Amino acid sequence: MDWESKVKLDLELQLHLRLNYKGVIFMKIMIVDDEKLLRNGFKNMTDWSAKGINIIGEALNGEDALEKLKTISPDIVITDIKMPIMDGVTLTKKIKELYPHILILVLSSHDDYDYVRESMKNGASDYLLKASIDIDDLCDTLKRITQDSQKTSLYNSKNINIESVKLDF
């Protein structure tokens with residue numbers, strides 16, 4: 001790829017990733033956790049719309065989430081690992097089979113390492129520890145996994161080796 005093509009692609013990618021002049025990426029989120037208190041706390045922990053995030057749904061377990069995914073279309077599902085009926089590991093696998101474009105962020109406890117590893121194998125984009133969730137880290141993680149996904153999609157659509165182009169953000 002010549003220099004001019006790289007510059008053009010770099011600008012196209014930066015425009016694609018920065019959906020408004022502040023660089024905020026607007027995301028639709030679904031929260032899946034069996035603890036209502038946690039779901040409510042998550043929804044009320046910040047002014048999500050000011051951060052470019054719209055919480056469009058919630059579910060109390062994996063089975064409930066799959067049913068709701070038939071009618072709503074989030075960009076990202078944030079799910080707990082351990083839940084009754086269908087856990088986050090199985091949910092991750094099923095979402096990636098049925099809706100491969102949906103990104104998954106797993107929330108785990110300190111003693112969930114095996115579950116987290118299995119979720120990552122099943123296609124989760126990342127994970128955060130429940131006990132140490134910080135709003136800034138959460139927003140940074142959501143933005144990063146969205147940008148990574150968009151960058152990969154754009155490069156795949158252009159048949160370009162992702163390692164061949166350096167981006168400055």
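Me: Is Thr92 buried or exposed in this model?
Reply: This is a predicted model. Thr92 has a relative accessible area of 0%. The cut-off for buried is under 20%, so Thr92 counts as buried.

Me: Which residues is Thr92 in contact with, leaving aside its neighbours within four places in sequence?
Reply: Start with the location: Thr92 sits in helix α4. Skip the neighbours within four places in sequence, and the contacts of Thr92 are Thr79, Ile104, Val106, Ser119, Asn122, Gly123 and Ala124.

Me: Ile85 then: where is it found, and does it count as buried or exposed?
Reply: Ile85 is in the loop between β3 (76-80) and α4 (88-98). Its phi is near 70°, a positive value in a residue other than glycine. Relative accessibility for Ile85 is 65%, and the exposed class starts over 50%, so Ile85 counts as exposed.

Me: What about Asp137: which class does its accessibility put it in?
Reply: Asp137 belongs to helix α6 (residues 135-158). Together with Asp134, Asp136 and Asp140, Asp137 forms a negative surface patch. Its relative accessibility is 43%, between the 20% and 50% cut-offs, so Asp137 counts as partly exposed.

Me: Zooming out, in what order do the elements of the protein chain run from the N terminus on?
Reply: The chain has 6 helices and 5 strands. From the N terminus on, they run α-β-α-β-α-β-α-β-α-β-α.

Me: And what share of the contacts with a separation of 6 or more comes from residues 24 or more positions apart?
Reply: The chain has 169 residues, of which 40% count as buried. Among contacts with a separation of 6 or more, the share from residues 24 or more positions apart is 68%.

Technical notes. Residues are numbered from 1 along each chain as its sequence is written. This is a predicted model: local features need pLDDT of at least 70, side-chain atom pairs count only at pLDDT 80 or more; totals for chains, interfaces and linings use all residues. Side-chain values use heavy atoms; hydrogens and water are left out. Patches are made of residues with over 30% relative accessible area and no salt bridge: like charges are joined within 9 Å, nonpolar side chains (Val, Leu, Ile, Met, Phe, Trp, Tyr) within 5 Å. Accessible areas come from the Shrake-Rupley method with a 1.4 Å probe; for residues, only the protein chains shown count as cover. A salt bridge is a side-chain nitrogen of Lys or Arg within 4 Å of a carboxyl oxygen of Asp or Glu. Lys and Arg count as positive and Asp and Glu as negative; His and the chain ends are not counted. The place of a charge is taken as NZ of Lys, CZ of Arg, CG of Asp or CD of Glu. Helices (H or I, at least four residues) and strands (E, at least two) are DSSP runs, numbered from the N terminus. Buried means under 20% relative accessible area, exposed over 50%, partly exposed in between (1.4 Å probe, protein chains only). Contact means heavy atoms within 4.5 Å.
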